[in-house]
Amino acid sequence: MADMTEEKTYRGPCPCGSHLTYERCCQRLHDGEPAADAEALMRSRYTGFGLKLQDYLLATWHESTRPTDLDVEKSARRWLGLKVLRHEVTGPDTADVEFVARYKANGRVWEIRETSHFVREDGRWYYVDGDFEKQP
């Protein structure tokens, strides 16, 4: 995966794995366009972690579970790839997305498998929380 250290200078395939360019995919959401569904939001959040877009990540986190600070700027994680396993609509304004994300930190490759829960309010999707496990 290409270096994703600064959003506005990143060019190439979108880090979320959609096979579109970043400009045609996640950048639109990072610039304020609402996500079409929970999977699109999840993909944009994955890319947001890679690009260290703390403000975007906090803005797309539901207020009921949003942390006060993420401090992604100091993260040593280098994101390596995303694979969406399942996107399930669970109600008129709720959905789950199961995925596997790989990253490298401290010389080791790690894998996070998560089922994220999303809610739509006023036409916008938000990440609520997730059930996950981290494995080397």
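Trainee: In what sense do strands E1 and E2 pair, and over how many bridges?

Mentor: Happy to start there, keeping in mind that this is a predicted model. Strand E1 covers residues 78-91, and a hairpin with 2 residues between the strands links E1 to E2. Within the pairing, Val-89 stands opposite Ala-95 of E2. The sense is antiparallel, and the count is 11 bridges.

Trainee: Which residue of E3 is the bridge partner of Glu-98?

Mentor: Let's look at the other pairing of E2. Strand E3 (residues 108-121) and E2 pair in the antiparallel sense over 12 bridges. In E3, the partner of Glu-98 is Thr-115.

Trainee: And which residue takes a positive phi in the hairpin of E2 and E3?

Mentor: That hairpin has 2 residues between its strands. The phi in question is near 55°, and the residue is Asn-106.

Trainee: Why is strand E2 described as largely enclosed by the rest of the structure?

Mentor: Good one! E2 spans residues 94-105, and a residue counts as buried when its relative accessible area is under 20%. E2 is largely enclosed because its buried residues number 9 of the 12.

Trainee: Which element gives the most to the largest nonpolar core?

Mentor: That core has 29 residues, and Leu-82 and Phe-118 have the most contacts inside it. At least two residues each come from helix H1 (26-30), helix H2 (38-50), E1, E2, E3 and strand E4 (124-135). In soluble globular proteins, nonpolar side chains tend to be buried together. The element giving the most, with 6 residues, is E2.

Trainee: How far apart in space are Val-84 and Phe-99, C-alpha to C-alpha?

Mentor: Val-84 sits in strand E1. Phe-99 is among the residues Val-84 touches, as are Glu-39, Met-42 and Arg-43. In sequence Val-84 and Phe-99 are 15 residues apart, while in space, C-alpha to C-alpha, the separation is 4.3 Å.

Trainee: Last one: is Thr-47 buried or exposed, and what is its relative accessible area?

Mentor: Thr-47 belongs to helix H2. Beyond four places in sequence, Thr-47 touches Cys-14, Pro-15, Cys-16, Tyr-22, Cys-26 and His-30. Thr-47 is buried, and its relative accessible area is 0%.

How values were computed. Residues numbered from 1 in each chain as written. Predicted model: local features only at pLDDT ≥ 70, side-chain atom pairs only at ≥ 80, totals over all residues. Heavy atoms only, no water. Buried < 20%, exposed > 50% of the residue type's maximum accessible area, 1.4 Å probe, protein only. Helix = DSSP H or I, 4+ residues; strand = E, 2+ residues; numbered from the N terminus. Pairing = 2+ DSSP bridges. Core = buried A, V, L, I, M, F, W, Y, C linked by side-chain atoms within 4.5 Å. Contact = heavy atoms within 4.5 Å.
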